[in-house]
Amino acid sequence: GVVAFLLVTNRWKAPHVWGNDAESYSLMSAAAPHLPSGGVGSAYAGRLLPHYAVGLLSDVTGFGLHTTYWIAGIAVTLALALIAAELLRALDAPWIVAALVLAAFIAGPYASPRETLVAPGLLQDEVFVLGLALLVLGLVRTRFPVVLAGALVALAGRQTALLVLPVAALWILVDPQWATVARSGRRVRAAAVVITGIALYGVILTIVASFDYPFGPDSASDTIIFSPPSLHDLVAHVGRCAIPFVVPGAVLLAVLGVLWRAGFGPRAWPLRLGLLLTLSAAIVVQPLLITPEYPGFSSNEQRLAGIGLLPLWLAAALMVGQAVRQGLLRPAGGWLAVAAVAVVVASLSHVYTTVGPSSLSQFLVLQVLAAAALVVVVLAAARGADGESADGESARGAIAGVQPASTAA
């Protein structure tokens with residue numbers, strides 16, 4: 001249903017479908033099964049594998065290159081939806097919470113599926129998020145082969161995964177669910193994720209060295225630290241990076257506020273919350289640190305930051321599920337309908353959808369309204385649970401085994 005809504009509301013034609021960055025990617029896909037003779041910037045060349053695979057598929061099937069990109073984009077979107085649904089199940093999110101979060105993520109303006117269907121020539125972003133989803137699924141399920149496969153798929157999509165690898169290694173080392181693996185075995189697996197990912201990237205760099213030229217924000221001078229923009233430009237830059245996270249961030253903060261009010265402070269929150277937020281931060285910090293003055297980067301921040309949405313939505317689902325199981329949230333049917341409407345409104349975009357806002361300002365207003373509506377739903381659900389006695393809440397046990405402060409005293 002989520003994918004159907006995505007397909008129906010998506011804008012299938014846009015000026016940049018095969019232009020801008022996609023022109024560089026198409027040089028690699030069109031050359032398959034050979035390599036291009038040159039003219040590909042290093043930032044684009046590092047994402048060789050998904051585009052080269054599309055070129056090979058086009059060559060084998062006889063479909064045109066653009067048709068093959070559409071097919072690949074839809075296939076990756078379907079795969080991502082399935083893995084995201086499995087991830088929510090692995091995190092034990094209540095079904096209604098899982099359904100709303102899945103819809104909000106898959107149909108969200110900057111989560112990558114909408115962009116991929118509008119501009120399938122930018123398939124690499126969706127491949128990165130697909131790999132990220134596989135990686136997190138393996139970490140949650142403690143399946144190392146899935147972790148490794150996810151890391152490699154994510155790195156094949158974007159170099160962005162290089163900062164994700166250490167976080168995955170940390171997860172393996174500190175998550176109690178991985179305690180069934182001997183300490184030495186965990187260290188080996190953590191190291192293997194990082195080393196294998198770096199090795200794959202080294203192979204990619206070796207292959208593309210024959211046709212790329214230096215073009216990428218890969219030095220300290222390309223960051224806001226060493227090349228600070230004006231205050232106005234810096235505020236706009238940070239704001240663009242934050243746009244994709246208004247809705248999930250508001251939901252997560254509201255739920256954490258409910259938990260804190262009930263006596264479940266940060267020490268009672270599950271370790272996986274911090275790990276998911278660290279994963280998201282490892283992705284978002286990259287466009288955040290790059291100066292908006294870098295050629296072609298300004299006004300692309302929200303798209304690049306948005307590929308870090310999945311861990312944040314998973315963190316929100318994790319904590320909503322915890323609060324529901326603790327009896328701290330008791331959503332009623334009417335409020336769930338409001339939440340569903342808010343999710344639909346938040347998915348509409350002036351760039352990616354055929355209905356909805358017609359300008360950036362209208363889009364931002366809808367994002368704020370949707371976020372506010374979901375916060376109201378959370379607070380209403382908390383009030384609905386206020387009838388529960390304090391003793392009843394304590395009897396159910398606290399998150400991560402820690403009793404609420406009020407009863408522990």
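At 13% relative accessibility, Tyr294 is buried (under 20% relative accessible area, with exposed meaning over 50% and partly exposed in between, for a 1.4 Å probe and protein chains only). This is a predicted model in which local features need pLDDT of at least 70 and side-chain atom pairs count only at pLDDT 80 or more, while totals for chains, interfaces and linings use all residues. Residues are numbered from 1 along each chain as its sequence is written, and side-chain values use heavy atoms, with hydrogens and water left out.

The structure contains six aromatic pairs, defined by ring centres of Phe, Tyr or Trp (its six-membered ring) within 6.5 Å; planes under 30 degrees apart are stacked, over 60 edge-to-face and the rest tilted. One of them joins Tyr110 and Tyr352 edge-to-face, at 6.1 Å centre to centre and 85° between the planes. Both partners are buried, Tyr110 with a relative accessible area of 8% and Tyr352 with 6%.

Returning to Tyr294, its ring pairs with that of Phe215: the centres are 5.6 Å apart and the planes stand at 45°, so the pair is tilted.

A charge meets a ring elsewhere: Arg189 lies over the face of Phe144, 5.9 Å from the ring centre. Such a contact requires NZ of Lys or CZ of Arg within 6 Å of the ring centre and within 35 degrees of the ring normal.
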